[in-house]
Amino acid sequence: MTPGKRPPEEAPLNEEYTITDAELSPDMLELYESACAVREHAYAPYSGFRVGAALRTSNGRIYTGVNVENASFPVTICAERGALMTAI
């Protein structure tokens, strides 16, 4: 954990939390980097908050997804759901 910072589960919602590469295992770092790499493809014209997600299957393959916003909020797709749909 970054010195002077609380763990994410203890940080208030308005407090920024930064994780360092040293805090992640090589497997988690690979997922993090994959999620960061795809986030530029997110479609977020309403919130401006681009999100990328990555998941690894039991055979080691990584699938990624991004958030896709819609003016009708209920049909917005979160990045995690997008990654899962990609895997299917």
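Among contacts in the chain between residues at least 6 apart in sequence, what percentage join residues at least 24 apart? The share is 30%. The legends below describe close-up views of a predicted model.

View 1. The chain has 88 residues, and 24% of them are buried. Its accessible surface comes to about 6400 Å². Carbon and sulfur atoms account for 56% of that surface.

**View 2. Helix α1 covers residues 26-38.** The helix has 13 residues, which at 1.5 Å a residue should span 18 Å. The end C-alpha atoms of α1 are 19 Å apart, in agreement with that expectation.

**View 3. The buried residues of α1 are L29, L31, S34, A35 and V38.** An α-helix has 3.6 residues a turn, so residues three or four places apart point the same way. The cover over the buried residues of α1 includes strand β1 (52-56) and strand β2 (62-66).

**View 4. Strands β1 and β2 run antiparallel.** Five bridges join the two strands. Within this pairing, A53 stands opposite G65 in β2. Together β1 and β2 form a hairpin, with five residues between them.

**View 5. G60 lies in the loop between β1 and β2.** In this turn of the hairpin, G60 has a positive phi of about 95 degrees. The relative accessible area of G60 is 35%, so the residue is partly exposed, since that class lies between the 20% limit for buried and the 50% limit for exposed. G60 and D27 are 33 residues apart in sequence. In space, the C-alpha atoms of G60 and D27 are 9.7 Å apart.

**View 6. C36 and C78 are both partly exposed.** C36 has a relative accessibility of 26%, and therefore counts as partly exposed. For C78 the relative accessibility is 33%, which also puts C78 in the partly exposed class. The structure holds zero disulfides.

Definitions and conventions:
Residues numbered from 1 in each chain as written. Predicted model: local features only at pLDDT ≥ 70, side-chain atom pairs only at ≥ 80, totals over all residues. Heavy atoms only, no water. Disulfide = S-S within 2.5 Å. Buried < 20%, exposed > 50% of the residue type's maximum accessible area, 1.4 Å probe, protein only. Helix = DSSP H or I, 4+ residues; strand = E, 2+ residues; numbered from the N terminus. Expected span 1.5 Å × (residues − 1). Contact = heavy atoms within 4.5 Å. Pairing = 2+ DSSP bridges. Areas by Shrake-Rupley, 256 points an atom, 1.4 Å probe, with all protein chains shown as cover.
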